[in-house]
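Open the structure in your viewer and keep the selection tool at hand. The stops below say what to select next and what is there.

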Amino acid sequence: MNAPTLPKLDPKDFKSDVKPIWCPGCGDFGVLAALTRASAQVGRPPEEIAVVSGIGCSSRLPAYTSAYGFHGVHGRALPFAIGLKSARPDIEVIAVGGDGDGYSIGGNHFLHACRRNVDLVYIVMDNHVYGMTKGQPSPTTEPDWICNIAPAGTGLHPLNPMTLAVAAGANFIARGFTGDPNGLARLIVEAIAWPGFAFIEVLSPCVTFRPEQKDWKHAVHAGPAEPLSDRARAAAVLLSDDGFGTGIFFKGERSRAHPLPAASRTMDDIERRFAL
Amino acid sequence: MSRSTVAIALAGSGGAGVMTIGSMLLEAAARSGYYGLFSRLSGPQVRGGEAAALLRIGTVAVESQPDYYDALVAIDWGHVERFATEIPLQATSLIVGDPRMGEPPEAMLASGATLWKLPFSEQAATVRGGRPNMVALGVVSALLGLDPDELERVVVAKIGAKGEAIIEASRAALRAGRSLPLPDGGALALASPADPKPRWLISGNEAAAVGALRGGIRFVAGYPITPATEVVEWLAPVLPELGGTLLQAEDELAAVGMAVGASYGGVPAMTVTSGPGLSLMVETLGLAIAAEMPLVLIDVMRGGPSTGIPTKSEQSDLNLAIYGTHGDAPRLVLAPVSIADTLATTQWSVELAEALQVPAIVLSDQGMGQTRSVIDAPALHDSPDSRLRAGPLEPDSYRRYAITDSGISPMTAPGDAHGQWIGDGLTHNERGTPSSAAKDHHAQLAKRLRKLESHDFGARWAEVEGDGEVAVITWGSTVGPTREAIARLVASGHRLRHVAIRLLAPLQREALAAALRGVRRVIVVEVNQAGQLAQYLRATGAIPVPVESHARPGPLPLRPRELVETLSRWCSQ
């Protein structure tokens with residue numbers, strides 16, 4: 001990745017002039033800041049990066065970068081990212097989105113992206129709420145959180161996405177916090193460098209519908225000193241985790257998916273089987 | 001008297017080997033210079049159950065299932081009666097069965113067909129390791145007058161890997177079958193074929209795959225679904241050999257999403273499915289239309305709605321293909337007019353999707369996709385890259401959705417400097433930035449419609465044949481049987497026009513009106529309940545006279561005789 005001939009890149013080189021629709025104080029600003037810092041540090045120009053998303057507040061992020069990207073349909077960022085990366089392994093593909101997009105409507109794609117282990121980074125901005133539709137519970141919402149659609153709380157068991165990721169085969173699993181964009185940028189740089197599917201769960205407070213999440217800055221603490229490479233141990237740590245430890249929890253040893261093959265035959269040759 | 005076509009059904013329980021001998025028979029006939037079709041019929045069981053190989057062999061290209069089968073040859077009678085409606089027989093037909101395996105079903109004897117009892121199993125027992133299906137193959141090849149040497153060569157080539165003992169047993173069983181006495185007259189002998197031209201033996205599903213590759217497709221994602229799976233399975237080992245990629249997705253939502261992602265990367269991309277999968281893909285179809293992404297989507301139609309009849313054909317996805325998705329979402333919809341044409345139409349679909357930056361849906365069906373056909377070797381070429389790619393760009397100058405006269409704007413792909421854009425399903429402005437302004441919404445909707453409406457599709461939109469004041473309009477798998485019905489009527493002095501529409505959307509209204517100039521009556525022939533094409537043509541007002549509909553649901557294929565009577569009445573009225 002070292003390209004000494006390139007001019008040094010600055011985080012602002014990765015920002016667009018489109019003004020975010022996010023509420024003032026939204027955690028997602030921290031992810032945008034971290035992503036642009038990480039991109040500058042990685043040193044690839046914006047045209048070699050693609051930021052891909054689904055639908056939701058956080059999924060608006062691609063337009064705020066100067067990279068290539070796609071803001072597609074709800075829940076389908078990962079299939080798009082996998083198709084793009086498989087067809088263009090030379091491009092750095094980063095999928096982003098929220099907890100509703102990634103864990104609910106896109107939950108199946110999340111599982112299979114972990115299994116498939118295509119070399120990309122997936123950043124989920126988790127605020128335990130649907131913000132764009134104004135305050136409904138998501139798969140990570142606490143069971144007793146009260147809102148219009150669930151006046152007595154959902155009573156549903158919150159999803160533990162990191163445990164799910166470790167069981168399904170993700171090769172890199174980390175948690176970040178938007179209140180610490182520098183720390184998050186370091187996680188993104190490491191995720192890009194690590195082969196295979198890298199998943200970063202980001203605590204990203206929704207100041208509008210979950211104002212109590214402003215207190216997350218007090219709850220967050222340093223996670224494991226060293227990432228684990230054993231899935232069973234990592235799963236045990238993640239299952240007993242309080243949900244606020246930040247850092248890299250798991251680095252797997254799965255290798256990068258195979259690069260694109262070079263063409264070895266011609267159509268004339270392939271079609272010969274049909275000739276009588 | 002020798003015949004120009006013969007239709008044979010080979011039936012038996014699963015494991016009796018009727019598919020094996022069916023494919024050997026077609027290949028031997030093909031290598032002897034004949035044309036033909038071979039379709040498989042099986043019960044709903046995943047494995048085993050009743051099975052039938054349906055063959056039609058002729059001296060000229062065969063594009064239709066027959067009116068009746070000339071012979072039904074059964075190794076045993078298992079549950080073959082379940083195929084009574086799919087293997088129509090008449091009084092001149094022959095039923096050939098082994099008396100040891102019981103009596104033929106009443107439903108089949110009721111046709112008045114002649115029963116001819118032959119001891120397949122007894123004859124097979126005279127050969128060490130001999131099997132009744134090979135005896136039956138010997139009988140059928142003798143009935144048709146096929147060259148025994150050609151047949152033996154095919155048999156040896158097909159089972160060669162199983163070893164010398166099995167080859168010898170098969171050969172001996174084949175000869176034992178040929179030595180059985182034929183019924184009087186040898187009524188099924190085929191006329192000699194014309195000097196054979198170079199030909200291919202290929203299924204519609206394989207032809208779609210070849211057409212896609214010739215068109216430039218280098219990324220395919222799919223999810224297993226009958227009857228489309230073979231397209232993806234055929235491509236799986238081939239795409240890497242061409243430097244491409246194939247992924248099996250976790251569902252159809254993902255399959256189409258992966259294809260759009262690859263297309264965004266600048267690589268022509270395709271997904272393949274059947275009706276239930278197309279229903280799921282409609283979401284991303286709308287995205288691809290809004291974001292102007294080239295994409296090819298093949299739908300090998302089956303009986304619907306819902307799970308319907310997975311293994312049998314119907315043309316009932318037309319409405320979904322033309323109208324599916326919310327919002328105003330123009331797209332390309334094409335249908336091959338024959339198995340042979342599946343190659344060229346799929347290739348054209350790739351070219352159009354790339355050139356017009358829009359999804360192209362190719363409507364094939366189970367009958368076309370899973371039938372193997374002997375076709376004239378196609379003229380082949382690789383399509384040029386028809387995507388309008390942006391040249392070198394100045395910083396901050398690129399507008400992905402620039403309003404142009406043609407409606408087409410140059411595209412960049414990741415890696416192109418200063419070409420960054422964000423694809424979006426949100427209404428956007430010329431740069432691609434989300435906008436809910438009325439002027440952007442109107443301008444972008446108009447652009448997307450204009451690029452399809454103003455494109456010159458040339459003469460390939462349809463096959464227009466014949467003249468006369470009565471016109472028949474068909475699409476897809478109804479083209480072949482309709483052609484055959486019309487040929488018979490023309491031979492008996494009638495005049496008919498036939499318009500087989502290849503480009504269903506955007507409908508070429510002016511060209512269609514021109515093709516129908518002077519007609520008195522128009523009838524639309526299709527295999528679905530509602531008459532979906534007829535309704536669409538009525539709605540567009542492109543037809544100068546009232547549109548009449550000859551529509552019925554599947555799963556039975558359209559046969560020429562269904563049309564001959566109706567059309568002949570029309571011609572004389």
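The model on your screen is predicted.

**Stop 1: two helices in chain A**

Select helix α1 (residues 28–42) of chain A together with helix α6 (residues 181–193) of chain A. Their axes are 8 Å apart, and the angle at which they pack is about 50 degrees. The two helices α1(A) and α6(A) are therefore oblique to each other. Their crossing is right-handed.

Now show the side chains. On the α1(A) side, the residues that meet the partner helix are A:G30, A:V31, A:A33, A:A34, A:L35, A:R37, A:A38, A:Q41 and A:V42. On the α6(A) side they are A:P181, A:N182, A:L184, A:A185, A:I188, A:V189 and A:I192. Sorted by class, this contact of α1(A) with α6(A) has 12 nonpolar, three polar and one charged residues.

**Stop 2**

Go to A:I21, in the segment before α1 of chain A.

Next, select A:H221, in strand β7 (residues 221–222) of chain A. A:H221 is partly exposed, at a relative accessible area of 34%. Apart from residues up to four places away in sequence, A:H221 touches A:D242, A:F244, A:G245 and A:T246. From A:H221 to A:P143 the separation is 78 residues in sequence and 24 Å in space, C-alpha to C-alpha.

**Stop 2: the nonpolar cores**

The largest nonpolar core has 142 residues. Which of its residues touch the most other members? They are A:F197, A:F199, B:L332, B:L363, B:I473 and B:L512. Helix α9 (residues 252–264) of chain B gives the most to this core, with eight residues.

Center the view on B:L363. Beyond its neighbours within four places in sequence, B:L363 is in contact with B:D299, B:M301, B:L318, B:A321, B:V333, B:L334, B:A335, B:P336, B:W475 and B:L504. There is also a second, separate core of 54 residues; B:A28, B:I75, B:L190 and B:V374 are among them.

**Stop 3: two helices in chain B**

Select helix α7 (residues 204–215) of chain B and helix α8 (residues 229–241) of chain B. The axes come within 8 Å and cross at roughly 45 degrees, so α7(B) and α8(B) are oblique to each other. The crossing of α7(B) and α8(B) is right-handed.

From α7(B), the residues in the contact are B:N205, B:E206, B:A209, B:V210 and B:L213. They meet B:E230, B:V231, B:W234, B:L235, B:V238 and B:L239 in α8(B). The class count for the contact of α7(B) with α8(B) is eight nonpolar, one polar and two charged residues.

**Stop 4: backbone details in chain B**

Most residues other than glycine have a negative phi, and most peptide bonds are trans. The next selections depart from that.

- Select B:T226 and B:P227, which are joined by a cis peptide bond with omega about 0 degrees. B:P227 is in the loop between β8 (219–222) and α8 of chain B.
- Select B:G554 and B:P555: the peptide bond from B:G554 to B:P555 is cis, with omega near 5 degrees. The loop that holds B:P555 runs between β21 (547–551) and α18 (560–572) of chain B.
- Select B:T325, which is not a glycine but has a positive phi of about 105 degrees. B:T325 sits in the loop between α11 (318–323) and β12 (332–334) of chain B, and is buried, with a relative accessible area of 16%.
- Select B:D396, also not a glycine, with a positive phi of about 60 degrees. B:D396 is in the loop between β14 (372–376) and β15 (422–424) of chain B, and counts as exposed at 83% relative accessibility.

**Last stop: the end of a helix**

Finish at helix α17 (residues 532–540) of chain B, whose buried residues are B:Q532, B:L533, B:A534, B:Y536 and B:L537. After α17(B) comes B:G541, with a positive phi near 65 degrees.

Notes. Residues are numbered from 1 along each chain as its sequence is written. Chains are lettered from A and ligands numbered from 1 in the order in which they are written. This is a predicted model: local features need pLDDT of at least 70, side-chain atom pairs count only at pLDDT 80 or more; totals for chains, interfaces and linings use all residues. Side-chain values use heavy atoms; hydrogens and water are left out. A nonpolar core is a set of buried Ala, Val, Leu, Ile, Met, Phe, Trp, Tyr and Cys residues joined through side-chain atoms within 4.5 Å. Buried means under 20% relative accessible area, exposed over 50%, partly exposed in between (1.4 Å probe, protein chains only). Helices (H or I, at least four residues) and strands (E, at least two) are DSSP runs, numbered from the N terminus. Contact means heavy atoms within 4.5 Å. Axes are lines fitted to C-alpha atoms, for helices over the stretch in contact, and angles run from 0 to 180 degrees between N-to-C directions. Angles under 35 degrees count as roughly parallel, over 145 as roughly antiparallel, 65 to 115 as roughly perpendicular and the rest as oblique. A crossing is left-handed if the near helix is turned anticlockwise from the far one by less than a right angle, and right-handed if clockwise. Ala, Val, Leu, Ile, Met, Phe, Trp, Tyr, Cys and Pro count as nonpolar, Asp, Glu, Lys and Arg as charged, and the others, Gly among them, as polar.
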